[in-house]
Amino acid sequence: MKKRLKDYGINFLAVVLSYLALRVIMYNGLINNYVQGVVVFAMINIIVAISLNIATGLLGQLALGHAGFMAVGAYTAGLFVKAVEYPLYIEMIMALILAGLAAGLSGLIIGIPALRLRGDYLGIVTLGFGEMIRYTIINLGDITGGASGLKRIPKMVGLNEVFIVLVIVITFVFLFIKSRHGRAIISIRENEIAAESIGIPTTFYKVYGFFISAFIAGVGGGLFAMYQRYLTPEKFRFMFSVELFIIVVFGGMGSITGTIFAGVFLAFLTEKLYEYDEVRLIIYAIMLILLMIFKSDGLLGRHEFSLVQTPRRIKNLFNKIKDRFKKGVA
Amino acid sequence: MSLLETKNLGIAFGGLRAVDNFSINIKEGELLGLIGPNGAGKTTIFNMLTGVYLPTEGSIYIDGKKINGKKPFQIVKMGIGRTFQNIRLFANLTVIENVKIAFHKDMTYNTFTGIFRLPKYWKEEDEITTKALELLSLFDMENDAENMAKNLPYGKQRKLEICRALATNPKLLLLDEPAAGMNPQETKELMETIHFIRDKFKVTVLLIEHDMNLVMGICERLVVIDYGMIIAKGTPDEIKSNKKVIEAYLGS
C-alpha cells in the first residue's frame, strides 16, 4: 500500500512540477500569446490523438474518422455555450461532458455495425463516416453556420483549463488500461479469438472501447471550440484524421506516453516549418519512412514511459551490462 | 451423470458436411481422446463445443444444460476452457497478464471503481494477482511472470496456454493438439502435466492428438472420427486392433 501511494505521489509531483514550469515560463514573458496558442493546440491534438490511440493501439481497430468525432464534440460544445448562460466553470464542464457524450453516441452509432468489419474495411467505413459528419455539418447551415462556420463562441477555456483536462484524460486512460476493462480491450488487440475463448465478451468491449475513444475525441473537440471560438467544417477534413494518425504511429501504437511525446514533437516541428508549408508534408513523409525502416513500431513501441518503472528498468539494464562486462573481463 | 453430452451433432459448410451425427458422452473426471486423420473434423468439433461455430443440427449439453446457440464467452462461464492447435497467446503482454485476463469473468468491479481505484478494485486485483502467481508456480513458471509471452520457449508457451485456460476454472478442458511440435522429452513432460492437471483441478479433459504414444499412454477412452463421422469408440487397446481405424489411418 505504501509503495502504491509513493508511486502515485511521484506522478502527481511530476504533473505539478510541469505545470509550475509552464507557469514560470509564461510569467517571465518567455513565451507570448502566439506560442501559448501553439501549446494549447498541441495539447488538444494530444488529447484527440490519445483517443485515437485507444481505438487503434489498444483495441487494435483501424479508425480513420476521428476528426469526425472531434467535430461532433466541437459543434456540440460550441452550440451549447452559445445557447446557455451559466457560471463559467459549470458551463465549461457541462459543455465538455455534452461534447463527449455526443461524440460517444456517434461512436456507438458507427461502432455497433462497423466493428463487425476488420482492418481495412473498418478503416474505410470510419473514414467515410468522418466525411459524412463534415457534410452533415455543412448542410445543416441553419444550426451550424454551414460552410462559413460557427462564429462568436464565447471564450471559455485557456491554457490552464486545457492543461487540466489533458492531465485528467491521461490519468483516466492510464487508470483505465490497468483495470480489468482495459485488459479486456488490450486482449482483443492481441488475439480476438483467444480473448473470446477465455470469457471476454469481445463484441461488448469493442463497442465500449470505441465509445470511450469517441468520447475523449469529443472532449478534445469541445476544448477546441471553446478556445478557438470559431469553427469551420474545413478544419475536420480527412487530412486532419491522418495528421492525428501520424501522431499515434509516430509515438507508437498502444503507447499513451509515446503519443504525448510525438504530439509535442510534431507540434513544434509543424510550427518551425510553418513558412514552408509545401515541404512540411514531404518532411513528415520522409520521417515516417525512416521511422518505419528503423523502428517500425514507433518511438516507444508498445511501451510506456513511466517515472516509476523506467528508472528501475534502466537500472536493471545497467546492472546487466555491468555483469556482462565483468564476465567479459574475467 | 455425464458432464458433456452431444446428440447427433452436425455442421455443414454449404454442401460440405464437415461433421455428422456426432454423439458422445463424457463422464466427470474422464480423460478422453479424440483422434482421426487430418481433415476428419476434430477441430471443427472443438469449435462447435466452444461456440465458435454454430452447429447446423443436434445439441450440446453441459451438466444437462443446453449450450448451443450461446456465445463463446457465455460457454466459458458454463465451464468449458480450451487451448488452440496453433498457439494463441497474448504475445505482447507479460505471462502474468495473460493469466490475469482469464480471470476477467470472476471480477465484478465496474469502470468507475476501476478508474478511481476504490477498495474493491484493490481487493479483486490483489486476489487475482495471487491466484495467477499460484497457478503459474504450479507449472514452474513463476519466474517467467514478468516476461513477454512471445519470448517464452515453445514448450512453455503451450504450458502458458493451458494455464490460461485453467484460470477460467473450467469443468471441461479441451486441448487441441497440445503436443504438436514437441520433441519426445517435452511430450513426456506434457503427459505428466495433463495427468497432474486432472488430479489437481478435478477437471475433465478432452484432447485431440496425433501423437499416438501420448494418446495411448494417457487416455482412458478414445473416439475415432473420419470424414466427420465416428468410426470407433473404446479403450486404447480396443482401438489399436480396430479394423476400421487401421483402414482410416493406413488406407485400405
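Which side chains meet in a salt bridge, N to O, at 3.1 Å? Those of Arg183(A) and Glu125(B); a salt bridge here is a side-chain nitrogen of Lys or Arg within 4 Å of a carboxyl oxygen of Asp or Glu. By that rule there is one across the interface of chain B and chain A.

Some conventions. This is a predicted model, where local features need pLDDT of at least 70 and side-chain atom pairs count only at pLDDT 80 or more, while totals for chains, interfaces and linings use all residues. Residues are numbered from 1 along each chain as its sequence is written, chains are lettered from A in the order in which they are written, and side-chain values use heavy atoms, leaving out hydrogens and water.

Back to the interface. On chain B, 32 residues are in contact with 29 of chain A, contact meaning heavy atoms within 4.5 Å. The two chains bury about 2,900 Å² between them, with 61% of it on carbon and sulfur atoms; that is accessible area (1.4 Å probe) lost on putting the two parts together, summed over both.

Now Thr204(B). This residue sits in strand S9 of chain B, residues 204-208; strands are DSSP runs of E, at least two residues, and helices runs of H or I, at least four, numbered from the N terminus. Thr204(B) is buried, at 0% relative accessibility, where buried is under 20% and exposed over 50%, partly exposed in between (1.4 Å probe, protein chains only). Its side chain reaches the backbone nitrogen of Gly29(B) at 2.9 Å.

Ser241(B), by contrast, is exposed at 57%, in the loop between helices H9 (236-240) and H10 (243-250) of chain B.

Terms used
Polar contact = N/O pair within 3.5 Å; in protein donor to acceptor, adjacent residues only side chain to side chain.
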